[in-house]
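Please read it alongside the sequence and the coordinates.

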Amino acid sequence: LGGTPRQVGHATALAQQGTLGLVCDPLGGLVELPCVFRNATGAAIALAAIEMAMAGIEFAIAADEVMDTMGDMGRSMDV
C-alpha cells in the first residue's frame, strides 16, 4: 500500500503479536488442522495491521523482538 519500511515493521509486529498465543496442536499427522483456519484469520489480522500502521499506529515492541519471541516459542516446543 506504499508504506515506509518503518510502517512495515510496525504492521509486522502488530500482526504477529496477535498470533503468538495461538500455538497449533497437531491433529492427524503433519497437518495441523487448527492452523488452516488460523491462517485465514491471520490474513485478516495482517490486513488490519497494515491499515493500522498506515494510519500512524506504532506498536510498542519492535518487529525483531516479536519475531525473536516467536522463534523462542517454536524452539521451546516438544518435537
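The points below are grouped by topic. The model is a predicted one. Across the whole structure, a search finds 2 salt bridges.

**Salt bridge between Glu58 and Arg6**
- The side chains of Arg6 and Glu58 form a salt bridge, with an N to O distance of 2.9 Å.
- Arg6 belongs to helix α1 and Glu58 to the loop between α2 and α3 (63–76), so the pair ties together parts 52 residues apart in sequence.
- Glu58 is partly exposed, at 47% relative accessibility, and Arg6 is exposed, at 53%.

**Salt bridge between Asp72 and Arg75**
- In the pair of Asp72 and Arg75, the closest N and O atoms are 2.8 Å apart.
- Both residues lie in helix α3, and because they are 3 residues apart, about one helical turn separates them.
- Asp72 has a relative accessibility of 46% and counts as partly exposed, while Arg75 is exposed at 62%.

**His10 and its contacts**
- His10 sits in helix α1, which spans residues 5–17.
- The relative accessibility of His10 is 14%, so this residue counts as buried, the cut-off being under 20%.
- Leaving aside residues up to four places away in sequence, His10 touches Ala53, Ile57, Glu58 and Phe59.

**Nonpolar surface patch**
- A nonpolar patch on the surface is formed by Leu1, Leu47, Ile50 and Met54, which together have about 420 Å² of accessible area.
- Leu47 is part of helix α2 (residues 33–54) and is exposed, with a relative accessible area of 56%.

Key:
Residues numbered from 1 in each chain as written. Predicted model: local features only at pLDDT ≥ 70, side-chain atom pairs only at ≥ 80, totals over all residues. Heavy atoms only, no water. Patch = residues over 30% accessible without salt bridge, like charges linked within 9 Å, V, L, I, M, F, W, Y side chains within 5 Å. Areas by Shrake-Rupley, 256 points an atom, 1.4 Å probe, with all protein chains shown as cover. Salt bridge = Lys/Arg side-chain N within 4 Å of Asp/Glu carboxyl O. Helix = DSSP H or I, 4+ residues; strand = E, 2+ residues; numbered from the N terminus. Buried < 20%, exposed > 50% of the residue type's maximum accessible area, 1.4 Å probe, protein only. Contact = heavy atoms within 4.5 Å.
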